[in-house]
Every structure is written in C-alpha cells, then in structure tokens.
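Good morning, and thank you for coming.

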Amino acid sequence: MKVGALEAGGTKMVCAIVEVNGRDTWEILDEVSIPTLSPAATLPMLVDYFRGKEIEALGIACFGPIDLHKDSPTYGYITTTPKTGWANCNIVGAFAKELKIPVGFDTDVNGSLLGEATFGCAKGIANSVYITIGTGIGAGVMSNGKLLHGMLHPEAGHVTLKRHEKDADFVCNCPFHDSCFEGLAAGPAIAKRWGKKGVELSDRPEVWEMEAYYIAQALVDYIMVLSPEKIILGGGVMHQPQLLPLIRAEVKKQVNRYIRTSQMEHLEDYIVGASLGDDQGILGACCLAMEAC
Ligand code: ADP
Ligand code: ZN
C-alpha cells in the first residue's frame, strides 16, 4: 500500500510517500523537507504535498507535547509547546479534514522507535527505548510490544540527573529544571558549557567524558524502571563516534553488576546507534499510517 509519512519537527517538516509491503519491505518513493514556519504558512504546504498522491493513510510523528488520548476533545493537537504559533494546533484535524484519509499520530521519538521496531535493529523485540539527543532530548518507549503513552507520553529527556563533579556551576539550559538531562546534555547545553558547537569539540575528550556520564545516568534510570531489551540512541549529538563506547563503559560502571543479564554482558548489542540511517522517523510515521487503517 502507498502511505504518506510526516516527521513534524520544530525546525523542519519531512514529508514522504512510502510504498510498504506489510512489515517486510518498504520503498521511499519521494521525500521533501519544508521549513517549520507558522501553522498558517506551513500546514497548507504540507496538505498540498500529500494531496493527489493517492495515499491510503497518513502517519504523523510529531514534536510535542501532544495530546494522544483518543477520547480527548483536543486529541491530535500539539498542546503547550513554546514554539511560536504551534501551541493548541490541531495538526491531525488539519490533515484529516483536507485529505479525508485515516491519520495516525504519535510523538517523534515514539515514531523513530516504531520505525526501528518494525524495520530496524529492534525488530522482534517487545521492550525497547529510543532516545534522541539533538536540539532537545526525548525518548520513545515500547513496552510489551506497544508504544507507551500513559498520562501524557514519556518526557524522559527531563529526568533529574546528578551533576558531574566538574559541572557543579553550570546553569542548566532547561527553563523548567535546574539539573535535567536535556538541560545538561542536549546539543545547545554542550555549546553553552564549552563555548563551541559539539561538532567543533571532537578533539576534546573531557567534553565527551562528561556527556557520556550524563547520558549513561539517564540510561541507567531507564534500565532500572523500564527494563528494556534494547536501547537505541539517535540524534545529532550521537554523530560523535567516540560517544557510544564511552556511554557503554559508564553504564557498566554505574549499574555496578547489580543487573546480570546477557544484555548487560554484551553492551555492544544492547546499547546501539540508530540502524536506519536518518529514515527511522519517516519509516515510523509510515507504520503509524498503516496502524491507522
Ligand atoms: P533536531 O534535534 O533539531 O531535530 P539534530 O538531531 O540534528 O536535530 O540535533 C541538532 C543538535 O545536534 C545541535 O545542537 C547540534 O549542535 C548537534 N550536533 C549535530 N551534529 C553534531 C556532531 N557531529 N557532533 C556533535 N553535535 C552535533
Ligand atoms: Zn528539563
């Protein structure tokens, strides 16, 4: 079947048309990226892109917070985002009304996880977590084969972390919290702390040692609470190749042999990078479209 996939981000909207053959094979037939301006400017462009493409359904993996409660009057809305103009935006409604096809909807990170769980490195695994470390930090969670929603949806980028011993004076970059994962370890926090963007800090080991310390602390929290069987790390900051081994070593140190499973013995298979290039979000949106039918 042919479906539309929208990866709705704060800076860009990636739209694709995907031909999917069940959960086995896929082909991205077309893909465009449209800058995220105001809803009034951007939504009509997105609708125009999908109109006339003969898609059977649309899936949207969206930045948040979003309302995922099917029985809520604001289901399908972006809710309290600070992103100008997008708070209280009925994004699902805008497409459902114009395209008159089923629309699937979830968070951007749940989308990426669903992509990995359907076509990528978490295929066949019922309990997994996908964490993106980029401009912000978020995590998608699959528990017993289902994406976790709950009261709102996980906001695992805002878990509280203990400070690195050399980072006591850093002013956390999150406007809501004074020591949270996103505020200490997302791309903008790295740039604020070290005075340069992460991409220009590759040769500074202390930067990545501290970054791994924070990422590992969050992963240990997720391991203890959710008991995932696979942990996938994506996002711009993870393009630093030295990070993954440092994170694994730090997770091992912090778990301190308390958990003794085969996964903990083989951290190189347990804590991994994204496996679908940069397509996990689009492919996840495509799965959301299939599920909406
Ligand atoms: P977004 O989160 O906006 O969707 P990304 O996942 O690409 O986009 O994350 C962007 C963030 O990642 C920026 O803060 C950027 O500085 C950082 N980043 C991008 N590439 C690298 C890199 N190679 N090394 C370290 N940080 C990077
Ligand atoms: Zn926070």
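I shall speak about the ligand and its surroundings, and then about the aromatic rings.

Please keep in mind that this is a predicted model.

Let us begin with ligand 1. Which residues are found around ligand 1? They are G134, T135, G187, P188, G198, V199, G235, G236, V237, H239 and Q240. Sorted by class, this shell consists of eight polar and three nonpolar residues, with no charged ones.

Several of these residues approach the ligand through polar atoms. In T135, a polar side-chain atom is 2.6 Å from an oxygen atom of ligand 1. G236 takes part through its backbone: a polar atom there lies 2.9 Å from an oxygen atom of the ligand. Q240, in turn, has an N or O atom in its side chain at 2.8 Å from a nitrogen atom of ligand 1. On its own, ligand 1 has 570 Å² of accessible area, and the protein covers 65% of that.

I now turn to the aromatic rings. A pair of such rings is described by two quantities, the distance of the centres and the angle of the planes. How many aromatic pairs does the structure hold? There are six.

One of the pairs is formed by W26 and F119. Are they buried or exposed? W26 is partly exposed, at a relative accessible area of 34%, whereas F119 is buried, at 9%.

A further pair joins Y75 and F105. Why is it called edge-to-face? The planes of the two rings stand at 85°, so the pair falls into that class; the centres are 6.2 Å apart. Here too, distant parts of the chain are linked: Y75 sits in the loop between β4 and β5, and F105 in strand β7, 30 residues apart. Y75 and F105 are both buried.

Rings can also form a group, as Y49, F50 and F95 do: ring pairs link them into a cluster.

Finally, consider F170, whose ring has charged neighbours. The charged end of K192 sits over this ring, 5.2 Å from the centre. R193 also lies over the face of F170, at 4.2 Å from the ring centre.

That concludes my presentation. Thank you for your attention.

Technical notes. Residues numbered from 1 in each chain as written. Chains lettered and ligands numbered in written order. Predicted model: local features only at pLDDT ≥ 70, side-chain atom pairs only at ≥ 80, totals over all residues. Heavy atoms only, no water. Near = heavy atom within 4 Å. Polar contact = N/O pair within 3.5 Å; in protein donor to acceptor, adjacent residues only side chain to side chain. Areas by Shrake-Rupley, 256 points an atom, 1.4 Å probe, with all protein chains shown as cover. Nonpolar A, V, L, I, M, F, W, Y, C, P; charged D, E, K, R; others polar. Phe/Tyr/Trp six-rings, centres within 6.5 Å; stacked < 30°, edge-to-face > 60°. Buried < 20%, exposed > 50% of the residue type's maximum accessible area, 1.4 Å probe, protein only. Helix = DSSP H or I, 4+ residues; strand = E, 2+ residues; numbered from the N terminus. Lys NZ or Arg CZ within 6 Å of the ring centre and 35° of its normal.
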